[in-house]
Structures are given as structure tokens and as C-alpha cells.
Amino acid sequence: MPVRRFGGHRSLVSQSQSPKLSYGYTKMNIARGGYRVFSANSSTACTELAQKITERLGVELGKSVVYQESDSETRVDVKESVRGQDIFIIQTIPRDVNTAVMELLVMAYALKTSCAKNIIGVIPYFPYSKQCKMRKRGSIVCKLLASMLAKAGLTHIITMDLHQKEIQGFFNFPVDNLRASPFLIQYIQEEIPNYRNAVIVAKSPSAAKRAQSYAERLRLGLAVIHGEAHHSESDMADGRHSPPLSRAITGHTGLELPSSSRQVPFPGIELPMMMAKEKPPISVVGDVGGRIAIIVDDIIDDVEDFVAAAEILKERGAYKIYVMATHGLLSAEAPRLIEESAIDEVVVTNTVPHEVQKLQCPKIKTVDVSMILAEAIRRIHNGESMAYLFRNIAMDD
């Protein structure tokens, strides 16, 4: 087989034009794109949180206009170029949750059609997170919202203390579920006098894991309130009360019963009668006498349960009662009920606007979490690990 030789023609380019390979240093001509931070609504609370985040990042808030037209339609105008950039949309959820959701969807779609590279939603409190389980003949609305956000163009979400961690599985893109517990624990250590004499309280057995996580990190005792005056959220979930409380048919007989007789039990194999649950009287498992009681939870909305828990703790000898929660929705008559209750202080973060409630009730205090949101934005844009933000965080938080 002949051997082909090239002689002196070693290259068709000169020495100055030939490429060089260097394993120690590679010069890249591709520059990382910039990023912008936008506020998805013009409310004072959302703008204030966005301003705090941008100040920590050292950038300016993106120029956009979000408003409602005369027919209540949502309109978004982005006032600057976003082509090829990472865009972070900050959206807090005020009382008009449906308008806030539409603002987020419309802005995300506007940025998508403006050729933004990545669109990341910064949603400290994720709306409809309570509707994450099937109830009777309802629907899992949280899953629907996750699909809508993906369709609108979001590629990533930053949120905080999801009501159920399984909600992350509703999305087909990354979800960073940050935790507020380090900030609330810091508040306990710095703002509650003699906190070493405190006990962490779970207002129901379902909240015991979260309370235990706080108690272990603060090295405090734990108490659990058992028994409720009404059915809890977990009792209503999964459609467990949907079947009629009577003997049901099992198996398929091949016979189609008339519509008028379908409720009549068919002769055959029968299931045992379903026994209704009975809640025991409210009791406290653990010693709270002469102690400071600190109730911890993720959401405080309707405060009747917290007020009832505070009364029980007061009867058991607790001399001060604090309520710590990440999201302070504080709906309806919550400020008045808190003000008239045995609760000494309610501490929530600024994930949800609650300025009006604070004016109505001086017992409500706010912890700022803009620091961790800003750091999450910076790390995601730079492609850095998020593990630092979850140091000393327990799975039960």
C-alpha cells in the first residue's frame, strides 16, 4: 500500500496564524450575559422588597410598568432591552392573589417574547400552596399553577418555605426552596429576653417535626398541643370523606344498576363500616409552666388556632407567648384577634406584604429575608452552588 508523504508542506497557515493549545489557561471570548431584576407589580411592599434586594446586589431595578386597565385587564410594558440576559422577577402576593398571579404570568411571557435568556421567578410565598392535595371532588390547583408558570416562560423559581416540600415535584424546572428558620432563630436569640427559659411549641402533632428542628438547634425543650376544636387540614385532604358512610360494593359484577338504585348495597362482599374520627380534648404534651412558649409554623393566616393554643398555654402556666411563622398572611380579622388574645408577639418575615396589619396590631413584628433572596439571585446567575444557603438546615424545617 503506497505511503503518501507531504514533504515540507507541514501546514497551510503561518506560525502566527496557527492555533495553540494551552492546558493551564484557556482564553474564552464568550462573555457571560448580564442580568436584570424586575418587580412584577407596583405595590409598595413588592417595590420595597425589590429595592432591598437590588441594593444588596448593587444593581438598579429594571424599568417596567405593570398596571390594570379600565376593564381590569393586566398590562405589562418592559422599558428596556432584556435580550440574552438572565431576568429575575420579584413577585410578592398581596391579598388579591389572582391579580398577582396574572401579573407574574403576563410579565414572564412579555420577557420570553423579548428574547430573555432565562426567566427566574422570585416568589417568596408561593400562592395556592395550600391547595396541593386532592380534596373530595376538587383539584390540585398548585399543580395547575406550576404548569401555567412553565408555559408562560419561567425557567426557574426561587421561593421560601413551601407549605409542602412535595410541591417541588409539580414543576419540570428547578425550584430552590429557601428556609427562613435561620432568621427566625436569630430573632429568638437576639430579641427575646431570657430565651433560654423558653420551650418550642407545636400547635398540632403535624407541626411537631418543624418544632423539634427549632428546639434542637436552640437546645430548648419541646411541647406539643394535641387535640383540636375542629377538623385539621390533613383530615380533609385526599378525599377521605368523599365515599358515603355506608357499606360499599367491591368488585365488578357485570351488571349495570339503574341510576335510582345505585346507592343500594349489592349483595356480595362488603367493606366494614367507616368509623368517624373523634378529636380528644385539647391537651399539652410537655411542661410549659413558668416558661416562655414559642409557637412555630410556616403560615399564619386564620389565627383562631393560634389564639386557642395561646389560651391553653396560658392556662398551663406559660408567662409569655410568641408566635413565629415565615408567611404572615394575617387575613380577615387576624390583627384584631391577635391584639385581643394572650399572644404577646407575632413574628413573621417580609415574604408577604402586611404593613396594614402592622398598623392595626403593634404586636406584629417583621424579619427581613432580602439578604438570602439576593444571595440566591447572585449564585444562580453566576452558576455557583446553592449549598451554602442550606447550611445547618434540617429537612424538617
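This is a predicted model: local features need pLDDT of at least 70, side-chain atom pairs count only at pLDDT 80 or more; totals for chains, interfaces and linings use all residues.
Five strands make it up, and it is open, with the order 1-4-5-6-7 and parallel pairing. Strand 1 (35–39) and strand 7 (175–178) sit at the edges, each pairing on one side only. Going from one strand to the next, the twist averages 15°. Within the sheet, strand 5 (residues 118–123) and strand 6 (residues 156–160) run parallel and are joined by 4 bridges. Here isoleucine 120 faces histidine 156 of strand 6.

Two helices pack on this sheet. Helix 2 touches strand 1, strand 4 (86–90) and strand 5, and its direction makes about 170° with that of strand 4. Helix 10 (residues 370–382) touches strand 1, strand 4, strand 5, strand 6 and strand 7, and its direction makes about 160° with that of strand 6.

Helix 2 also has a helical partner. The axes of helix 2 (residues 97–113) and helix 3 (residues 141–152) come within 8 Å and cross at roughly 25°. Angles under 35 degrees count as roughly parallel, so helix 2 and helix 3 are roughly parallel to each other. On the helix 2 side, the contact is made by Val101, Leu104, Leu105, Ala108, Tyr109 and Lys112. Helix 3 brings Leu145, Met148, Leu149, Lys151 and Ala152 to the contact. Sorted by class, that comes to 9 nonpolar and 2 charged residues, with no polar ones.

Notes:
Residues are numbered from 1 along each chain as its sequence is written. Side-chain values use heavy atoms; hydrogens and water are left out. Axes are lines fitted to C-alpha atoms, for helices over the stretch in contact, and angles run from 0 to 180 degrees between N-to-C directions. Angles under 35 degrees count as roughly parallel, over 145 as roughly antiparallel, 65 to 115 as roughly perpendicular and the rest as oblique. Contact means heavy atoms within 4.5 Å. Ala, Val, Leu, Ile, Met, Phe, Trp, Tyr, Cys and Pro count as nonpolar, Asp, Glu, Lys and Arg as charged, and the others, Gly among them, as polar. Two strands pair if DSSP finds at least two bridges between them.
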